[in-house]
Amino acid sequence: MAARLKGLIHRLVFENLKHRPLRTLLSLVLIGAQVTMILALVGVSRGVLGNMQRRAKGTGADIIIRPPDSSVLSFSSNMSEKIVEVVRGMEHVKLATGALVHPISNLDSITGIHLDEFNELSGGLVILKGKGFEKPDDLLVDRVFAQRKKLEPGSKLDFGHLWNIVGVVEEGKLSATFADIAALQDIFGETGKISYVYVKLDDPKNTDAMKATLQQKFDTYKIYSMEEFTALFTTNAVPLVETFIQVVVGIGAFVGFLVVFLSMYMAVLERTREIGILKAMGASPGYIVGILLRETVLLALAGTALGIAMAYGTRALLAAVAPNMPQVIVPDWYLNVAIIALGGSLAGAVYPGLKAAKQDAIEALAYD
Amino acid sequence: MTEIDIRGLTKTYRIGDVDVHALRGVDLRVERGEFVAIVGPSGSGKSTLFNILGGLAPPTSGTVSIDGQDLAKLNDTGRTELRKKSVGFIFQKYNLLPTLTADGNIEIARHIAGKSGPRDESFKDILNLLGIGDRLHHKPRALSGGEQQRVAIARALVNHPSLILADEPTGNLDTENSTAVLSVLRDLNKRLGQTILMITHDPEAAAFADRTVTMRDGRIVC
């Protein structure tokens, strides 16, 4: 019987929400939207950085050398390609090749490579359509880039320069666009410059020792093992992304607060008479606030579940319209978004709850 | 045995800068098991007396005792406890919660009163007397006015309060349903010895009570 009576309150809470379907649905969608917004942002950040990790690993290199004053996501610093020859002459170095990254826009760049050397380093670019580049204006693009820009072998692409698309390769190795390094240096006036040196060793076990040797030889340069390099592609390592996520989380919590504040405020106004009835039966202010808080918790949790479901929708949408911005599903954030939604919602329910608790029973019973 | 003992009861409301004297010294004694009708024109103070006896408003001065408990000495929490355990309300507009079934409306009164055991057997007799046993799983919108008022009566009785306060219980009902509801109230009073105080404008409704008290201008006149 005690369980039955407890179930009665849950039923009352559920029926109250069901009784105003449009308001409940709007609240759920808005709470869900803030949850989706956070999950999509975190998912896209991780997706894009994960892509960069995969591409770096796809080179097959054991050690990466970057110019002095460079940072992990910056392509602005370059160095002389003469360094490649010096590295090649060192013990334990099986292969060394340079690459020039020329940025075109915020997220896009062209990577100049020595195709033969890069194929040897990475195990080979897998050409899905067309062929490798032969002329200075030839460009290879990966499948995702080709899909996004609707490119086929034979297409022209104005991408900082008018390129001929000669082939489509499988994604996941170094870059989305490849040109001959000498041609790229020539076209963009960066003759003799490279952004990276990729080094393959005779045995990966020598990585730490070689890294130390290289660091000693090129003391101002950034020397990374592949493990170190890919570990830098995290949201924590990119200060702006982390700050941006925090801002969006803050906005999300505030939206949740406003949604529930308005929803519960309306609920208290609409239910003035019902609150009066409960008070007439001897319900304490705490009892009435408890009902509203239960409704809020239910809204927040159902909104969170809806938001999680909608995050799968945004993933599918991004995959269709912006394949260069892959969104990964982030289950480790589900608890966080639930807490954010719940916190914002409960904060939003405080004032309406107090208003309900203070309502005068006589006035409430006279309310029509 | 005296159930309700009211002496020198006054109630003054302040509306803007004006004091409104709703009750101007009411004296009334109601014995346990009595069925009393309170009649009087609008503004005579009936509803104010109803609100004070029900613990919905505090008195300004005087003493009001229900079952030996002085209401004038109760704070908000004390009046909440009084409504929970000692008083059952029946309203003109039934005031059932629209989202719960008839049974849910009865059960929530028990939940608020902190009762969790099974309903006692005698309550089944009350439901039979009220004739709503087969309507308990319906929501108020599926019930007629008379049925809704009988559910409200069941809700008022479920915690076995010392006093039932009925405010125009037949005000929204047709003659047939009015007679049925009043007959039920009278039966409950006779069979269970339930003390009932009923406010009404209707002399025919008042005739169902043991005694009629008339109010005018905040006083009991006869």
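In what sense do strand S3 (residues 93-103) of chain A and S11(A) pair, and over how many bridges? The two strands pair in the antiparallel sense, over six bridges. The model described here is predicted.

## Strand S11 of chain A

Strand S11 of chain A spans residues 196-201 and is mostly covered, with five of its six residues buried.

Strands of a sheet pair through backbone hydrogen bonds, either parallel or antiparallel.

## The open sheet of chain B

Chain B has an open sheet of six strands with mixed pairing, in the order S6-S7-S8-S3-S9-S10. Strand S6 (87-90) and strand S10 (219-220) of chain B are at the edges; each has a single partner strand, so one side of each lacks a neighbour in the sheet.

Within this order, strand S3 (residues 35-39) and strand S9 (residues 211-216) of chain B pair in the parallel sense over four bridges. Thr212(B) in S9(B) stands opposite Ala37(B). Helix H5 of chain B packs on the sheet, where it touches S6 and strand S7 (163-167) of chain B. The direction of H5(B) makes about 170° with that of S6(B).

## Helices H3 and H5 of chain B

H5(B), residues 145-157, also meets helix H3 (residues 102-112) of chain B: their axes come within 8 Å and cross at roughly 25°. Angles under 35 degrees count as roughly parallel, and H3(B) is therefore roughly parallel to H5(B). The crossing of H3(B) past H5(B) is right-handed.

On the H3(B) side the contact involves Ala102(B), Asn105(B), Ile106(B) and Ala109(B), and on the H5(B) side Val151(B), Ala154(B) and Arg155(B). By class, the residues of this contact are five nonpolar, one polar and one charged.

## Contact between chains A and B

Chain A contributes 21 residues to the contact and chain B contributes 24 residues. On the side of chain A that touches chain B, helix H1 (2-19), helix H10 (272-280) and helix H13 (361-366) of chain A each supply at least two residues. H1(A) gives the most to this side, with nine residues.

The side of chain A that touches chain B is made up of 14 nonpolar, four polar and three charged residues.

Methods: Residues are numbered from 1 along each chain as its sequence is written. Chains are lettered from A and ligands numbered from 1 in the order in which they are written. This is a predicted model: local features need pLDDT of at least 70, side-chain atom pairs count only at pLDDT 80 or more; totals for chains, interfaces and linings use all residues. Two residues are in contact if their C-beta atoms, placed from the backbone, lie within 7 Å. Ala, Val, Leu, Ile, Met, Phe, Trp, Tyr, Cys and Pro count as nonpolar, Asp, Glu, Lys and Arg as charged, and the others, Gly among them, as polar. Axes are lines fitted to C-alpha atoms, for helices over the stretch in contact, and angles run from 0 to 180 degrees between N-to-C directions. Angles under 35 degrees count as roughly parallel, over 145 as roughly antiparallel, 65 to 115 as roughly perpendicular and the rest as oblique. A crossing is left-handed if the near helix is turned anticlockwise from the far one by less than a right angle, and right-handed if clockwise. Two strands pair if DSSP finds at least two bridges between them. A residue is buried if 20 or more other C-beta atoms lie within 10 Å of its own, exposed if 12 or fewer, and partly exposed in between; C-beta atoms are placed from the backbone.
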